[in-house]
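The sequence and the structure come before the explanation.

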Amino acid sequence: MNIMVVDDEYFARKALVQTIRNWNPEAEVMEAEDGLQAWSLLSERPADLVLSDIRMPLLDGIELAARLYLSYPDTINVIISGFDDFNYAQQAIRYKVERYLLKPVDKAELLELLEQIRDKALTLSEKRLESQFASCLYDNEDPPADLSGSYALAVVRFEAGERDCIKRLLIGKLRESGIRAVATHSRRYGNLIVLHLKIPSSPDGGREDAGVSLLAGPVRRLSDQAGVRIDVGLSRCRDDPGELGSAYREAREALLHRFVCDRRLVVYAPQEPAAVSGFSHTELDEWQSSLYRKACRGAGDEAGKLVRQTIRQIVDRELPPRLLLEIADRTTRVVNLLNELANGNGEPTDSFMDTPDWHGFGSAGEAADLLGDSVEKAAAKWKLSMTKNDMGDRLIGYVEQHYRDDIVLEQIAKNVFFTDPTYLSRIFKKKTGVRFSQYVLSLRMSKAKAMLESDGSLPVSEVASSVGFNDYSYFIQMYKKVYGETPGQTRKQPVT
């Protein structure tokens, strides 16, 4: 605690300083002979508490209080004066002075006041540090000096209870065990608390289990007291405060272990090799393709069953929880593609699905049901659209949406329509009167011509790229072949 004593009377100032040091030998006490000197010292090192006389040369106590009120609103200000003047007291109230004491100060009264102010200053300091910690996590601000040294981050999840109460109890349990920690709430989930845990130095250098050792007792006692299950994901220990973001991601991923094991405290472990996990990248790609094929055939129930079974398999076999993230991500991709195809009229779909965040689920079963239901609904929507539009119309709609991409009929037939390319080509030519490649080229050229005619400032290279041509020279060649002039000749000339 930093305390400043401001008084132009030498012996009165020294008496206050000695009383404070007797009360708390660890307190840092600064002295100033007048308000101006105090103001200069405060610019170098702000104080938690200022004890100031009123009548002083250069800058008196009331003027100092006004400056503190404007520039250091968290600093607690106490005025000590030999003048029992109501006007002084009124001005002190205006500038949020904590207390107005008369000289000679009663020692017992001063000590009681110091105890109260210490608790208040500690609360203010904790709130300030909590706010700084949250800004580091969510707004990428630089960490303060108080967050330096070895640390680990923990993400704490509780099943029920008022979050401010849980956070207060958690910090209290840690403090009882002599553990330094800063806690802030998750900005997204009301039942998650993020904890910055100070890791003490270890003579043997082993720190990987230090977080578990520090948290195990306090978390167990808090869980028993609150009567709720509490799960904790821990990052590995770090020394660089600039790595708060990556430590936070590690702790969040470690917390996912609650879905696949019964441990309450889990330290982050790097992703296991695919061969160990049982799902290689190739197998995951095949799994996604299988899910997509089932849904495109209209077998939504089979697709939903596949999602639920896979999630249950990961949980039952206690596989790395990152696989749960992969399954959610790949299922979401399939759902969005199905919705896009079902909306084949070329207009944006209003059924876009964000990949769900697993921390919002109470159990793996909840996630499995949400993902399974989503793919079933998307498959049903796609099946309904199949009955409303013939294959030729759907392919035209697909081209209208994807003409900027590298689209090849053979790939579309195989991956989108699940039919023979020759059969799809015949249907398309019967519908449009031209071959697929001719239709795509004609569409791209008409889009390019419209862009050139509407905006004469557009570079030809940008137009070419916008309509799906990677080869600038080839675009000019084909454009001249179709329209008998170059893109530059078509481009609208600026008005002079």
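Axes here are lines fitted to C-alpha atoms, for helices over the stretch in contact, and angles run from 0 to 180 degrees between N-to-C directions. Helices (H or I, at least four residues) and strands (E, at least two) are DSSP runs, numbered from the N terminus. The model is predicted, with local features requiring pLDDT of at least 70 and side-chain atom pairs counting only at pLDDT 80 or more, while totals for chains, interfaces and linings use all residues. Residues are numbered from 1 along each chain as its sequence is written, and side-chain values use heavy atoms, without hydrogens and water.

Helix H10 (residues 281-296) and helix H11 (residues 300-316) have axes that come within 7 Å and cross at roughly 155°. The two helices are therefore roughly antiparallel, a term for angles over 145 degrees. Contact (heavy atoms within 4.5 Å) involves Trp287, Ser290, Leu291, Lys294 and Ala295 of H10, and Gly300, Glu302, Ala303, Leu306, Val307 and Thr310 of H11.

Elsewhere, 5 parallel-paired strands form an open sheet in the order E2-E1-E3-E4-E5; strands pair if DSSP finds at least two bridges between them. Strand E2 (28-32) and strand E5 (99-102) are at the edges with a single partner strand each, so one side of each lacks a neighbour in the sheet. From one strand to the next, the twist averages 20°.

Strand E1 (residues 2-6) runs parallel to strand E3 (residues 49-52), joined by 4 bridges; Met4 has Val50 in E3 as its bridge partner. Helix H2 (residues 35-44) packs on the sheet, where E1, E2 and E3 are touched, and its direction makes about 160° with that of E1.

Definitions and conventions:
Parallel < 35°, antiparallel > 145°, perpendicular 65-115°, else oblique.
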